[in-house]
Amino acid sequence: MTRLSHLTLRNFLIAFHDLLATTAALFAAFYLRFEGGEGFLERLPLLLQILPYFLAFSVVVFFVLNLTTTKWRFISLPDALNIIRAATVLTVALLVLDYIFVAPNVRGAFFLGKVTIVLYWFLEISFLSALRMAYRYFRYTRVRRHARTDDAAPTLLIGRAADAEVLLRGIESGAIKRIWPVGVLSPSLADRGQFIRNLPVLGGIDDVEDVIADFAKRNKPIARLVMTPSAFEPEARPESILMRARKLGVIVNRMPSLESGDTPRLTAVAVEDLLLRPSEKIDYLRLETLIRGKAVIVTGGGGSIGSEICERVVAFGAARLLIVENSEPALYAVTEALAAHAAAQIEGRIADIRDRERIMRLMAEFKPDMVFHAAALKHVPILERDWSEGVKTNIFGSMNVADAALAAGAEAMVMISTDKAIEPVSMLGLTKRFAEMYCQALDRDLAAASGGAKPPMRLISVRFGNVLASNGSVVPKFKAQIEAGGPVTVTHPDMVRYFMTIREACDLVITAATHALGAQHSDVSVYVLNMGQPVKIVDLAERMIRLSGLQPGYDIDIVFTGMRPGERLHEILFASEEPTREIGVPGIMAAQPNEPPMQTLRKWIAALEQAIARDDRATIRTILKDAVPEFGSTAA
């Protein structure tokens, strides 16, 4: 009924066309079979009697097989298969009509005959397809003609045939404008010498200079390179492509992967694109099933990770989103960026998670289904100096969010944690570990109180390392230093870190929530993302300098400044005394840290509140050390 209510005048015109095509195919089949003579005229009266019923049946077939509702502009192989299916169903219907109803009951002999039915099948496919294909070709030529205007840049596509074909479809549909593709350079030997949607594969990626020079000689200079996702794979040597393009003075763009729902638009190539490990395969249907129609709160929604979580939950179909943020500019920026998503009701509120009454009231009013807690103080050196503020935000603020989510009847609360919480040596890691312990203890108590049934709320923590281009991360810092002419500052030559993209990290955070809320009633409360291979920071700095077209040590110096308080050389993903296990979800593992009972935590929390009120740093440190014995910071 829903599909019928959405029919437009265009759909009725398509149905009318298909009825005319079916009528023409049927009459043409009879005429050709009986050569327009007495046999045709003899059968015409009965054919006219049968025709209205057959056409009524054909209308149903066309609608069920989506012929009536498919836009001709985008007709493709699946639509052609639907035409074949429809013609086959109608042909079988004629066969049944002739052999079962007409022949024994009306004529005593076959009315259509096998030859007529076979002719009809071929003609029906041809007549249904002809105008559709003609219209598709008309739109294709018109788009290409518009694309080849004066402002369309002659462009080489870089990547394998499958990726180039997606991009070409984007150009043909009008989604991508102002570029005119002239050829493809593919890393795959199987693509060489082939044509992709009438566009030649001119060679491999190493041929880029020769191809550009050849076009320049013919007075058709290449103005742009477009790198598809396969051009960023290690074997394609993306660094070489970017460096050569910069030497040749050619603009370079990239087309994002379409797996995550991105539209086929072109964006600038960022240095971060060349620093990535292969991303985990994300089950987006699983994430959409969890989020669609839900009311979601994101704390710290104006930060790098918080704003990305906001964008993802809106993309996955959240009905309502409340963004909680204590920075007015950050809140304004994220709400403005999300304003285009009219499908979700988006609201932003200024609030500090340290204000317990305010947070409790906001959540009670909003009544969230899910809470993503991304608000935190995260800068390691700053927290080593002002770590009492970290206690107030990262510990007491997280407790406020967890308690408010439970009181508001949320289904789940997901806390963004950090790999620095594992055997912490910094106040950031220590405060995050304490917050994890509180969420674990509350989650365990709720599970115990439910008596084996599904608990009223799940509380989970998700740990991961550095994300590329996040606020305060090393990549934007290095970019700014390179643009300023150097030097690039690295704390230690042996410093190693894990990296992943903000998008992948946030998608995996939501994936962890789907596991925690799964039918198996998972007992996991701490999840750890697979961060891939660690990256040596000095190698990262050198690579970024080279990608900028400069030489490390010659154009840009690298200076070692020494390790800062709270830092360690090698981040770890699991504690030595922390059992781990696979959960069957790519990119995510479960950690099973030993957490104290809630009764013990309450005693520490009460003592912390008193020590914070007195600003008694020594007592605060003693309590935290008692709670997390593996803490090894030397912060004063």
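**Helices and a sheet**

Biologist: Which hand does the crossing of α12 and α14 have?
Modeller: The α12–α14 crossing is right-handed: the near helix is turned clockwise from the far one by less than a right angle. By the way, this is a predicted model, where local features need pLDDT of at least 70, side-chain atom pairs need 80 or more, and totals for chains, interfaces and linings use all residues. Residues count from 1 along each chain as its sequence is written, and side-chain values use heavy atoms, leaving out hydrogens and water.

Biologist: What makes α12 roughly parallel to α14?
Modeller: The axes of α12 (residues 356-366) and α14 (residues 387-407) cross at roughly 30 degrees and come within 9 Å. Roughly parallel means under 35 degrees, so α12 qualifies.

Biologist: Which residues make the contact?
Modeller: Contact means heavy atoms within 4.5 Å. On α12 it's Arg356, Ile359, Met360 and Met363; α14 brings several, including Met399, Asn400 and Asp403. The contact residues split into 8 nonpolar, 1 polar and 2 charged.

Biologist: Now the sheet: why do β10 and β21 stand at the edges?
Modeller: The open, mixed sheet has 9 strands, ordered β10-β9-β8-β11-β12-β13-β18-β22-β21. β10 (345-350) and β21 (580-582) each have a single partner strand, so one side of each has no neighbour in the sheet.

Biologist: How do you know that β8 pairs with β11?
Modeller: Pairing takes at least two DSSP bridges, and 4 join β8 (residues 295-299) to β11 (residues 370-373), so they pair, running parallel.

Key:
Axes are lines fitted to C-alpha atoms, for helices over the stretch in contact, and angles run from 0 to 180 degrees between N-to-C directions. Helices (H or I, at least four residues) and strands (E, at least two) are DSSP runs, numbered from the N terminus. Angles under 35 degrees count as roughly parallel, over 145 as roughly antiparallel, 65 to 115 as roughly perpendicular and the rest as oblique. Ala, Val, Leu, Ile, Met, Phe, Trp, Tyr, Cys and Pro count as nonpolar, Asp, Glu, Lys and Arg as charged, and the others, Gly among them, as polar.
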